[in-house]
Amino acid sequence: MGDSFRYWDDCVEPEDMEAMWMDPDVHKEWISVGETKGKKVHMARDPDGQPYLTETEMKAVAGLIVRRHFKAQIDLDMLRAVAEIESDRQPLAMRYDKKTKETKIGLMQMLPTTAEWLVSQMGYRTYPIEGNPVLLYRPFISVYLGAAYLKWLSGFDGKERNEEFVIRAYKGGTKKASHKSTLSYWKRYISVKQSLPSTRYFENPVMLSDASSHTMLVDEPASDALKYWDARVSPEHMEELWKNPNVFQEWTKSGEKRGKVRFSIDAEKKPYLSRVEVKAIAEIICSRHFHTRGMRPTVLCALAELSSMRFVNGVGSCCGIMGIDYPTALWLYNDSGYTAYKVHSVDELSNPFVSMYFGAAYMNWLSEYGGRKRTLQFTVQAYLGGPENVNLQETGPLWTKYQQSVCYYEEPKTEAGHCSIL
């Protein structure tokens, strides 16, 4: 195993090696020790001869994984600190777990069974490892699946969890997240995280801006899927959006061109949809797939507002603009007949059309929850808080927030200056 990790090129895909070379800090570090682009790059070795990632390399790997797959959902420094504690940044680290009788593997010290579950059940298929757990020794795969597990823990049991819960659960499991046995791990994590070299993006970023809300900083060779509509949705859907008069007006005013339409980007460079774009997608999905079921586009728009704040990648543990998680989407696809869009990996839910479709499908299913026709109020509360938890005290405030959000999309009825959804 050790011989196969003599070079970075032996455990990293060519496109990932290219991305590492394009990181200016990595480039500078590798050149300074005599590495040459186009030739194999040696991995650093500790006094015992074990390969390890330098702090610069670890920051680059974690940064690439977060920006590609977990935008706005995983703290980059959290990943770096966990790798520091779990493996001392050694990709070939392994530790036997007496309770499970399994061996934890790689930078993030993950059990193969956990990794298999994340791939097969939770849809994290960018780096498939089924039947080949030794792939967990590879830095990008270990960090990717470690990030996926941290994201899952952040929304465990349908609740938004704080950083302490996530870290202590990563160490001892969800049942030990508040147990004294994981407290020392949490304290060590805090210390390590605070001592990490600062995270910074590429120097001398190029500014792309115009008079519209579509303003962005390009500070890395990020995947086009992070920047452009055209890389996320089909050409047919792009054509439909261009045909929408409100979208056409907004995009034209923003200086967008056919074939390369930018997402709006917030101050933290997270892509999001304008309300005009959300409404257009909702109208397309409803007219194409739910026109006989009485689904109102404005309902879906308001749910997108509440579930994700219209962020393309979702918020926290929620996926996509509709906040539909992968297991729910997969169940709707496999068992409930909603097959208009394939959903073979969690990444597909970052396509706004796919997320909107499965959000609408879930709403449609909830409208007859328990075998009887449900009111819109029940359905909305069930969508946002779970169908088993609908009650005035727990989910009543969600209905109030929904009523406020739907006003952004309903045509206003001028009665005493208020918006009405009735």
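Let's start with glutamine 109: at 4% relative accessibility it counts as buried, where buried means under 20% relative accessible area, exposed over 50%, and partly exposed in between, with a 1.4 Å probe and protein chains only. Glutamine 109 is in the loop between E4 and helix H5 (112-120). Those labels are DSSP runs numbered from the N terminus, helices being H or I with at least four residues and strands being E with at least two.

Before I go on, a word on what we're looking at. This is a predicted model, so to speak of local features we need pLDDT of at least 70, and side-chain atom pairs count only at pLDDT 80 or more, while totals for chains, interfaces and linings use all residues. Residues are numbered from 1 along each chain as its sequence is written, and side-chain values use heavy atoms, with hydrogens and water left out.

Back to the backbone. Most residues other than glycine have a negative phi, and most peptide bonds are trans. Glutamine 109 has a positive phi of about 50 degrees, though it is not a glycine. Arginine 89 isn't a glycine either, and its phi is positive at about 65 degrees. You'll find arginine 89 in the loop between helix H4 (76-87) and E3, and it is buried, with a relative accessible area of 11%.

Now the hairpin. E3 and strand E4 (residues 102-105) run antiparallel and are joined by four bridges; for two strands to pair, DSSP has to find at least two bridges between them. Methionine 94 sits opposite isoleucine 105 in E4. There are four residues between the strands of this hairpin, and lysine 101 takes a positive phi near 60 degrees.

How do we find empty space? Rolling a probe the size of a water molecule over the atoms shows where empty space is left. In practice that's a 1 Å grid over the protein atoms alone: a cavity is a set of points where a 1.4 Å probe fits but cannot get out, a pocket is an open set with protein on both sides within 12 Å along at least five of seven lines, and lining residues have an atom within 4 Å of a point. Points are joined across faces, edges and corners, and the volume is the space filled by probe spheres set on them.

The largest pocket has a volume of about 1300 Å³. Its lining has 40 residues, with Gly158, Cys318, Gly323, Asp325 and Leu384 nearest the centre. Elements giving two or more residues to that lining include helix H6 (139-154), helix H12 (297-308) and helix H16 (392-406). By class, the lining of the largest pocket splits into 22 nonpolar, 10 polar and eight charged, with Ala, Val, Leu, Ile, Met, Phe, Trp, Tyr, Cys and Pro as nonpolar, Asp, Glu, Lys and Arg as charged, and the others, Gly among them, as polar.

The second largest pocket holds about 560 Å³. Of its 21 lining residues, Asp97, Lys104, Lys171, Gly172 and Gly173 are closest to the centre. Strand E3 (94-97) and helix H7 (163-172) are the elements that each give two or more residues to this lining, and H7 has the largest share, four residues. The classes here come out as seven nonpolar, seven polar and seven charged.

On to the rings. A pair of aromatic rings is described by the distance of the centres and the angle of the planes. Rings of Phe, Tyr and Trp (its six-membered ring) pair if their centres lie within 6.5 Å; planes under 30 degrees apart are stacked, over 60 edge-to-face, and the rest tilted. The whole structure has 28 aromatic pairs. One of them is tyrosine 338 with tyrosine 357, edge-to-face at 6.5 Å centre to centre and 70 degrees between the planes. Tyrosine 338 is in the loop between H13 and H14, and tyrosine 357 is in helix H14, 19 residues apart. Tyrosine 338 is buried at 8%, and tyrosine 357 at 4%.
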